[in-house]
Amino acid sequence: MKLAIEGVAEMKSEEIRSSYRKKLRWDIVHSLSILSIICLTLVITLSVIFYVVHTSRTLIKEKDEIAKRYDDLAEHYTTSLEKISRYQAVKFLNQSGTEREMYAAYYQLIPRGDSIGETRLILTNEKFQAVFDSDSTKSNDIEFANYTRTVISNHAETVKPHVYLSQRKDHYLVLVKAVKDEKGKLLGYASCFIKGDALVPLTTDQIQYYIYDNFDNIFSMSTNYFVQGTLEKVNPVLFHRIVRYQGKLFFTDTKRLSDNLQVIVFHQETTLISILVFLVIGMLLFSLTTFLLIHRFAGRLAENSASQIETLTVQMNEIALGKTQRFDLQSGDEFEILSDRINDLLESLDRMHDNNIDLLRENIIAEKKKLEAQFNPHFLYNTLETIRIASYYDPSLVDEMVINLNEVLRYSISETTEYSRLADDLNYLRYYLRIFEIRFEAFNYTIQVEDELKNLYVPKLLLLPIVENSLKYGLMTRDDLTLAIECRLIENGNVSISVIDTGGGIPEKIIRSVNDSNQKTLGNHHGLLNSKRRFLLTYPHSKFILNSISQETAVIMEIKKEDFIHV
């Protein structure tokens, strides 16, 4: 029967271990797989965003450069044509000027560095008959003159720049200016036909552009990929931020140049698709590799964890049955640390059991250590805060304060003994109070100790919480706080240690609470109550008295001779 029960228990134990392995493996694989997918998705997203932003900035830069080039070109031709229509054209139409003068004016019309053949100046009379053509062959002069008549008939004398496609499929920007004499009589028209090739934008090989009017007529372009029809207009499919055309992807950006002209720049996207393909393939390969590694790692981890837990369970049963006293697990991981901690706990319990006869003394020692642990963090916080404040208003004091802090920490964290010489404790307080003296200029302190008492052993940091209490509440009421520490021999060989401050006194209720309490009824309190408790735990026959008269508060500790500590 017993063997049957053990067999059932073993089967159930194995079932639990198997379930644990599967659950642990699934949790690890699931968590790490999600984390990997998130990281890869984030990398792909950031890569695409970075590339799109970079491309957009390139488009904006090229768009602005083309717009600036156009503005400079239009301003130059407009100003020059205005000048010609007022002087040279008037003289020529009045038959007082010569063709030589008109050619001279034409050459000044051409911007420096541009080809002469790319711009054409035509002068017509009031009947729109060409009387001057900068093209010596005078080809298409009738065509250009007729176009001038069409423009003028539609727009009177105020003519905006127009886009014109010649019979030879050349693209022009047309500027027309009426020519009048001094009396305002219309003599004719000066027309400037600027060929689209005259605009030489600073574009890269990847960026293309079109300059076109409100009717999609093209003035200047860098490619004919989006040109459609016999009139060679811009294909409207391009007028979107992202364009999918003939199986290709384009990014675009536009900017208006004038009331009837605008520029569009675009970039055929090939790199982004390659990047996405590369990232997707890389992500798949990385995900597959990561999954396999994670799966293998999770399996090994689950197997190891289950094995260690099984070992812990077995050894725990042996300890419960008294077969052994300690865990013996050599796994080199967290389970070994756990077993060591349990062993520490068992050893602690054993020591408590073995020392049950001396329980009162052990309890007193534990209480004192507990109270000391309450003071150290409080002291360190206040000291560091003082250093931080000092560094703001006078960096030159930081060095001194750090030295003070170093001495304070060196003394407070030393664990050589729980008792120290009174002289050492007071020297520690000098470093401590010097920090407050730097912080509060009006604050001052005195420490007096008789030579016979310097080698007296007291609990380490005995006076610190009392001094902290004086500083905490005293500085709340006045900056010119005075703190006095006095250690002297009194009658019968007893020792008196007093801490006196001028911080405004303490309410009578607190004084009664401290003076009426004893080490059996204090409980877990802080401040003066904790100081009294620690003092009386160390000196059970001595006195701890709190007095407050007017603005002064005094803590007087009288150590009886029979309570002296001998180390």
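Reply: Val53 belongs to helix 1 (residues 2–86); helices are DSSP runs of H or I of at least four residues, strands runs of E of at least two, numbered from the N terminus. This is a predicted model, in which local features need pLDDT of at least 70, side-chain atom pairs count only at pLDDT 80 or more, and totals for chains, interfaces and linings use all residues. Residues are numbered from 1 along each chain as its sequence is written, and side-chain values use heavy atoms, without hydrogens and water.

Me: Is Val53 buried, partly exposed or exposed?
Reply: Buried means under 20% relative accessible area, exposed over 50%, and partly exposed in between (1.4 Å probe, protein chains only). Because its relative accessibility is 38%, Val53 counts as partly exposed.

Me: Where on helix 3 do its buried residues lie?
Reply: Helix 3 (residues 99–109) has Met102, Tyr103, Ala105, Tyr106 and Leu109 buried. Seen down the axis, the buried residues fall within an arc of 160 degrees, taken from the directions from the helix axis to the C-beta atoms. They therefore line one face of the helix.

Me: Which residues are exposed on the other side of helix 3?
Reply: An α-helix has 3.6 residues a turn, so residues three or four places apart point the same way. Exposed on the other side of helix 3 are Arg100 and Gln108.
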